[in-house]
Amino acid sequence: MSKTWPDTRLLELLGIELPIVQAPMAGPTLHEMVIAVSEAGGLGSLPCALLSPEAPRRELDLIRAATARPINLNFFCHQNPAPDAAREAAWRERLRPYYLELGLDPAVPLPATGRNPFDAAACELVEAYRPAVVSFHFGLPEPELLARVRASGARGRASAPTGAEARWLRERGVDAIIAQGAEAGGHRGVFLHDEVYSQPGLFALLPQVVDAAGDVPVIASGGIADARGIAAAFALGAAGVQIGSAYLYTPQAHLPAPHRAALQSEAAETTALTNLFTGRPARGIVNRLMREVGPLSELAPAFPTAGGALAPLRAASEAQGGVAAGDFMPLWAGQAAPLSPRGLGAGELTRQLAAQALQRLQTLA
């Protein structure tokens, strides 16, 4: 365990060698990435909210067979909405022209979509596999479930996109707080309000969260894709960083071809917050649907149900291929994605970013 980082609290707390957490990106992240990052000395994270009930156990068995290093399991803490037929109908009507354009029946039955919130079954998974870390998005689970997570021996951490949410998390005894800046790709972690337009950028947010966290270590997230961002985060009081988009460029990332192509193109320079794909604001590369319908629309059904009506459109456009293949899929990415190193595996990326950042910090010292 290195003692040369300006703040070693996270290393000591989690038992890792490098203060780099791989963001739990639902879809792109499976066992290959988790293993590579953890074996490199960082903290690999397995996102569980999108996985079927059986899938996390399969993934964890593969992870445990390959590494004994600390890992993180990530869960969402949301309430599934009540059915809203009128809103669903309005959303389908807004998408009707696209159905007709692609030769689809606008009345076709839609697949069920959603995200699994942390519940008793998820808690049993934690108790069975006993990961070193369990992280939560959109707040924390019910106190009884949270107590069971702690009793398993796992360290708990959660996202705070504002100083107020950092204080709320500290009062509830989390072991680490993730300061999620507005630049971050994927879903906003807000849970005390839904005013995403007020979310600060990381450089304004991080010192506020560090102050609010007190002696709780803070992990900086959002707009960090290279060594410069890591060094800057430590200069502002972070004890570690969480990196997402940079890992999307690695061969371990499970990405559809249109998403990977968008990341490699100039399109990655333009991202926006959108609720069209899930019903909750998340940052992604701007595509046709976002330009023409949103990016934010009051018509989109509540999280996590908005994606059902988009599924047929996505399938049809992907099948056609070409530049339109990504028109109806979420192309999640953060604002710093174009800064990401290329051509590296997830493990090599972790080690290289840490070495370069440490060199910068030592030079500044």
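This is a predicted model: local features need pLDDT of at least 70, side-chain atom pairs count only at pLDDT 80 or more; totals for chains, interfaces and linings use all residues.
Local features here need a pLDDT of at least 70, side-chain atom pairs count only at pLDDT 80 or more, and totals for chains, interfaces and linings use all residues. Residues are numbered from 1 along each chain as its sequence is written, and side-chain values use heavy atoms, with hydrogens and water left out.

Begin by selecting residues 120-129, helix H5, together with residues 143-151, helix H6, whose axes come within 9 Å and cross at roughly 10 degrees. Helices (H or I, at least four residues) and strands (E, at least two) are DSSP runs, numbered from the N terminus, while axes are lines fitted to C-alpha atoms, for helices over the stretch in contact, with angles running from 0 to 180 degrees between N-to-C directions. H5 and H6 are therefore roughly parallel to each other, a term for angles under 35 degrees. Now show the side chains of Ala 120, Cys 123, Glu 124 and Glu 127 in H5, which meet Leu 145, Arg 148 and Val 149 in H6, where contact means heavy atoms within 4.5 Å. The residues of this contact divide into 4 nonpolar, no polar and 3 charged; Ala, Val, Leu, Ile, Met, Phe, Trp, Tyr, Cys and Pro count as nonpolar, Asp, Glu, Lys and Arg as charged, and the others, Gly among them, as polar.

Next select Arg 130, in the loop between H5 and strand E4 (133-137), and then Phe 138, in the loop between E4 and H6. Phi is near 50 degrees in Arg 130 and near 70 degrees in Phe 138, each a positive value in a residue other than glycine. Phe 138 counts as buried, at 5% relative accessibility, since buried means under 20% relative accessible area (1.4 Å probe, protein chains only).

Move on to the loop between helix H11 (288-293) and helix H12 (311-320), where Pro 295 is placed and where Pro 304 is also found. The peptide bond from Gly 294 to Pro 295 is cis, with omega near 15 degrees, and the bond from Phe 303 to Pro 304 is cis, with omega near 5 degrees. Most residues other than glycine have a negative phi, and most peptide bonds are trans.

Technical notes. Angles under 35 degrees count as roughly parallel, over 145 as roughly antiparallel, 65 to 115 as roughly perpendicular and the rest as oblique. Buried means under 20% relative accessible area, exposed over 50%, partly exposed in between (1.4 Å probe, protein chains only).
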